[in-house]
Each structure stands twice: as C-alpha cells, then as structure tokens.
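Me: Please show me the sequence and the structure. I would like to go through them by question and answer.

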Amino acid sequence: MTRGMKKNLYRIIIAFVGLLLGMGAQRYLSFNPDVELILYIIIYVIIGHDVIKGAAGNIIKGQVFDENFLMSIATVGAFLVGEYPEAVGVMLFYQVGELFQSYAVHRSRKSISELMDIRPDYANIKEGDAVKKVSPEEVQIGAVMVIKPGEKVPLDGTVLEGSTSLDTAALTGEAMPKEVGIGDFILSGSININGYIEVQVDSNFAESTVSKILDLVENAGSKKADSEKFITKFARYYTPGVVIFAVLLAVLPPLLWDRGNFSDWVYRALTFLVISCPCALVISIPLSFFGGLGGASRNGILIKGSNYLEALAHTEMVVFDKTGTLTKGNFKVEKKVSGISGSLTEAEVLEAAAYAECYSNHPISLSIQKAYGGEINKERVTDVSEIAGYGLKVKFDDKTVLAGNEKLMRKENINFQPVREIGTVIHLAVNGIYEGYLVVADEIKESAKSTIEALKKAGINDIYMLTGDRKETAVHVAEQLGIDKVYAELLPGDKVDIMESLLHKKTKAGKLLFTGDGINDAPVLARADIGIAMGGVGSDAAIEAADMVLMTDEPIQIIKGIEIAKKTQVIVKQNIIFALGIKFGVLLLAAMGMTTMWAAVFADVGVSVIAICNAMRAMGRKL
Amino acid sequence: MKKVFKLEGLDCANCAAKMEDKIGKLEGVKEVSVNFMSSKMTIVMDGDKEKEILSKAEKVIHKLEPDVDIKAI
C-alpha cells in the first residue's frame, strides 16, 4: 500500500466507526436533531472532503459528468432530503471502493513489473586478473563476464569456462533448469543456479534478449481489444444517460401525477446518481486483459496487445510453417547418391554441394557444410547467385555448379531422374551434367503432435501446413502429425497468396493464426490475424512483424496461449454481464421506488470490488 | 511520428478513456492510445505540429487528472 492509500484507509476506519456510533446514538438516545446533523456533517467532511473539492474544481473547469461531481450531488441531495446516515454511508462506501480499486491496480501493476524483473543491474567484467563491476550498458562485445551462482546473466554470450544450470523460467516459462557448458550460447535474463562460469559477450545491452523482451512487454498494450473499446464507448453514453434520466425522475412524476411528493422522487433520482458511475466496468476490463497478458508472459508467451489476446480466443484456423516450427530445423545429410551420368563420387558430390552452399546460412546449407566437415576455402567459389525457391548457382573452380531442387534442374535444362525420398533432396549438376543428389532430413518436434491433437480437441479443425519443401516430405511430416491440409513446394511469395485465400475462406468472426520461426516469413506473419513467431527473440524482423512471440521452440505454447485467452475472455464477459445486469436491475428497482441508496451503493462499489477480484483471476495466480 | 509517454499517477480508468477520446480529436493527431494499466500514452501525430499537439494534450490530461506527471520515454 502506498502512503496515500494508508491515509485513506485510516479515514475510512474513522468515518466507519463514527457512522456506527452515530446510527447507534440515533436509535437508542434521543439527540437534538441539530446536533445530529452537525455530527453527520463532521463525519461527512472527514470522509468526503476530497471528493467535494474535486467536484468543485471540475465544475469550474467545465467537467460535469465526473464521478466526484455525481457522488457529491447524490450525497448532498441525501442530506437535503433528510437521509443523513445514507449520505455519509454512500460517501464512505464510495471511498472504500476507490481504495480497493487503487489497491488492486497498484498490486497488479507491481506484480507485472516483478514478473518482468529480468533486467540485470550489473555485469562483472574480467580485466586481466581483476574483476570489475560495471553497468550492463557499458559492456562491449567480446568482453569476458564472470557469473557466480545466484546472479543474473547480464548479456547474451557464449560460455568460455565452467558449466552450470540456468534458470530460464523468467524468459521461457520453462521450469526445468537448462544445463550449459563450454561453447553453449546463453541468454541474458536467465539466472545462474549453481556453477561459476566465464562468458564471452556476444551482443551489447540494447541488442540483448533482456532488452528485447522488456521492450516488447513495455510497449505492448497500445492496441486495445474490442471489448475494451466497447466499454469506454458505453461509459461515454451511460453516465449522461443515467443523469438525464435521474433529472426527469426527480421532476416529471411530482409535476404530472404524484403531485407534491418531491422528496420521494428526489430520493429515487439520487439513488440513480449513485449508480451512474461506470467505474467497475471501465476498470475491470483493462485489468482482466492486463492480467491475461501478464499471465501469458509468465508462461513465455509475449503478446503485443489485448486485441491479440482477444483475437486468440476466437481462433478458427491455424496455419503452420513446417521447418523450424513443427520440425526442429536441425537438418542432417542422410544420404549421398552419385548419379549415373556424372563422374563424381559420393564424397565429391558432397564436396561440390558444400562449396556451392558455402555462402548461405540456410539450415539445409549449414547441414551440408557440416556433413562435408572439411575446411572450405571460400575463394574457390565465385559468381554466387541464389534463386529463391530453387537453389544456388555458383562458379566453383571455374566449373558451373547448380545445387537445388527439381525445379532448378528443369529451369536449367538438366537431364535428370526425379527421385522419391523422404526429406529434402538437393540435386547437383556440374557444367550442365547431372552428378547426383543429397537427402537432408529434419526431425519433428516433441510437442508438435500433441499441439495438433489439442487444437482439434479445442474444436479448431482448420489446420494447414505451408512449406517450401517438396510434396513427399511435406505429406510425410503432415501425416505423422495428423494435418490433412498441406501446401508444399511454395516460393516465399506463394505463402502470402495462400494466406490471402485462407483469410477469405474463414468466417468473419474467426481468426487466423500463422506460426512460423520468423525466418523469411515476416510478410506472412504480418498478413495473418495473429502472427506468431517462435523460438524466442532470435530475429528482429520476426519480432517486429509478429503479434505474439513464443519464447521456447515448442508449438504447444500456442495451446497455453489460447487457454489463457479463452479464460480472459470468459472473465471479461462475466464482468460485463454481471456489472451491467446488477446496475440496470438496481436502476429499475430504484425508479420504482423499491430500493434504497444502500442497494445503490452496493451496485456501484460492491460490483466494482467483485468485478476487480474476478479480473485478477486472469493473471492465473493470487496477487 | 510516434511518441510514447509515461503518465505517472494515472489513477482513474474512466479519465484515461476520456483523455484518449479528447486527445484523439485534437487536430494533427492520427492515433492515440492511453493505456490505464501500464500508465502509458502512445501518440501518432503530424511531426510539424508536435509542439502544439503536445501542449494541448498536456492540458487535456491535467484537466482530467491534475496530479499526473507526464514523462517522455
């Protein structure tokens, strides 16, 4: 609790005791009515002076339908019609509600910032034999940092010395510690659990994982969900509407049919004013979304705004990229075949392919270079041209080497035999003669199958897989996972076209999710209703284009995200229906004169408190 | 151009909604979002009218919540 909140708490206690004493005295002792009024006015001033002051200030500035103003009118009016305890009581409960609101908001803001407490305060840099403590911003790439058990990893880097377990829960939501040793890349923001390690810095602070995550989380939320917009719009009409109705209620019936009975109708009108504040709704909806976004980040799912969280709950179609998303993307050369027409041996086919691919850092190229194993003298390769979706054409020792798929072979009029293999086939031709092929295969991720099953179980049956890979491989992977809609052999541009046609196919309310690993699919990520980039904060372009970032490589996190989104959605709906239901119910009863101001206070403050408590559930843990 | 401000001491959700509404109607403001929970205001506006827009926005904010501190981030 802040100091201001504590002060308000004391005021509420004093006024509450005063009110009880006053009401008791009124009942059992007979007071002079004037003394009674003065006593109530004193308590009223203690509890309500800031509200009245605020109301007066706002009237001067021309702000009429402000909650301070409404509360002041309602309570002063209650004094005028002789309902002293109610006047004080309404103000008192209004303050209780306000206090509770600020407390809840304060707590959940704090809990989110604690959640995001991954910012490192310092880095210990090794300089010769000495270790110097500096701020992470000052550290240069290549410096060596010393990280002791219990300390945060300040910057991304590679382990040079020692081994340890890292707690990466704050980054990925993954509870299992990660074992790292020499040569492993570690992320800033993780916590060193038990070993002493020396780490070479790979990126400066602004480019480090921690900065990227904080940036993403802190800038989330400028996009609002439709239900948030609906509520603020509703509030804009609700308050003036209720106030106008209250005025009519106070004036018309006594003039038209219930002649002279002003004080009864004024009392009913004042009851209206007490309920006219839309606070419960206006506060509980953003609070629910905020909690949902916080709960998601704690699970390693970063979502860029409450609109996406809302959309996620309406997922109808899910489109996966294959490589790196459903499969691990750690390709291995499984097979080397030398062609009949050519003169190269299997080893030479591999060598030529490795040279042809030596400038590319595509996972497949890397796997070929790795399989070759030998030192690659890049000077032997010139005139590299990469034909996206086809392959590569290079000059290697003055020979023209083609390495790529069947389409490349056809395009270059190479005489070859198509092959049926599971995996990616890289054909090789040297100086126009077909020399053979390599088969590179990929592994399916552990959670891929259970993700598809869980999606189907949740009633999401429109699941697609897009890939640039060959049809045989794509279908093979899809069959293992239980995906029946596959688009294969796509060029990067084709993916966007397919995305367009799928967007037309889905219903208007349903949302299309696209999940990719962020390599080459930024345009598709941007085009989907919700673009999800996987594998943490690897690629800047992906983070920029995506609406949601999964910190771990496992697609199952999408399911967790959808669950959180649905839970948040339910809470938001409950709050809207509950708050509006009670408010309109009490308004109706008040208009008919069947309720008191006490019930109205409940409809205002009680509903706020309950809606806020409900909203807190979205965070997924007690505050 | 886009600018983000921290509104420290933002205390009332309804006021935040009103700020967003009123600042959104200022001339030269293309988009504005006042996020009550993160106490942040994001404005997208015409670059050449920046000064004018910001001083008007500040007036709107202080009219609705006098105790708010506005800090550029």
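Predicted model: local features only at pLDDT ≥ 70, side-chain atom pairs only at ≥ 80, totals over all residues.

Me: How many of the 12 residues of α1(B) are buried?

Reply: A residue is buried if 20 or more other C-beta atoms lie within 10 Å of its own, exposed if 12 or fewer, and partly exposed in between, with C-beta atoms placed from the backbone. Among the buried residues of α1(B) are B:Cys15, B:Met19 and B:Ile23. The helix is largely enclosed by the rest of the structure, because the number of its residues that are buried is nine.

Me: Which elements of chain A do the buried residues of α1(B) pack against?

Reply: Two residues are in contact if their C-beta atoms, placed from the backbone, lie within 7 Å. In chain B, the buried residues of α1(B) pack against β2 (29-35) and α2 (50-64). In chain A, they pack against α3 (67-80), α7 (226-256) and α9 (279-298).

Me: Which element gives the largest share of the side of chain B that touches chain A?

Reply: 12 residues of chain B are in contact with 18 residues of chain A. On the chain B side, the elements that give two or more residues are α1 and β2. The largest share is four residues, and it comes from α1(B).

Me: Are α3(A) and α8(A) roughly parallel or roughly antiparallel?

Reply: Two packed helices are described by the angle between their axes and the distance between the axes. Axes are lines fitted to C-alpha atoms, for helices over the stretch in contact, and angles run from 0 to 180 degrees between N-to-C directions. The axes of α3(A) and α8(A) (residues 262-275) are 8 Å apart, at an angle of about 150 degrees. Angles under 35 degrees count as roughly parallel, over 145 as roughly antiparallel, 65 to 115 as roughly perpendicular and the rest as oblique, and that makes this pair roughly antiparallel.

Me: How many charged residues are in the contact of α7(A) with α8(A)?

Reply: The axes of α7(A) and α8(A) are 8 Å apart, and the angle is about 175 degrees. Residues that meet include A:Phe245 and A:Leu249 in α7(A) and A:Trp265 and A:Arg268 in α8(A). Ala, Val, Leu, Ile, Met, Phe, Trp, Tyr, Cys and Pro count as nonpolar, Asp, Glu, Lys and Arg as charged, and the others, Gly among them, as polar. The contact has 16 nonpolar residues, no polar ones and, as for charged residues, one.

Me: At what angle do the axes of α9(A) and α21(A) cross?

Reply: Helix α21 of chain A covers residues 597-616, and its axis comes within 8 Å of that of α9(A). The two helices are roughly parallel, as the crossing angle is roughly 10 degrees.

Me: Is A:Gly300 buried or exposed?

Reply: A:Gly300 lies in the loop between α9 and β10 (301-303) of chain A. Leaving aside neighbours within four places in sequence, its contacts include A:Glu174 and A:Met551. The C-alpha atoms of A:Gly300 and A:Glu174 are separated by 7.6 Å, although the two are 126 residues apart along the chain. With 23 other C-beta atoms within 10 Å, A:Gly300 is buried.

Me: What is phi of A:Asp383 near, in degrees?

Reply: A:Asp383 is in strand β13 (residues 381-387) of chain A. The residue is exposed, because 9 other C-beta atoms lie within 10 Å. Its phi is positive in a residue other than glycine, with a value near 50 degrees.

Key:
Residues numbered from 1 in each chain as written. Chains lettered and ligands numbered in written order.
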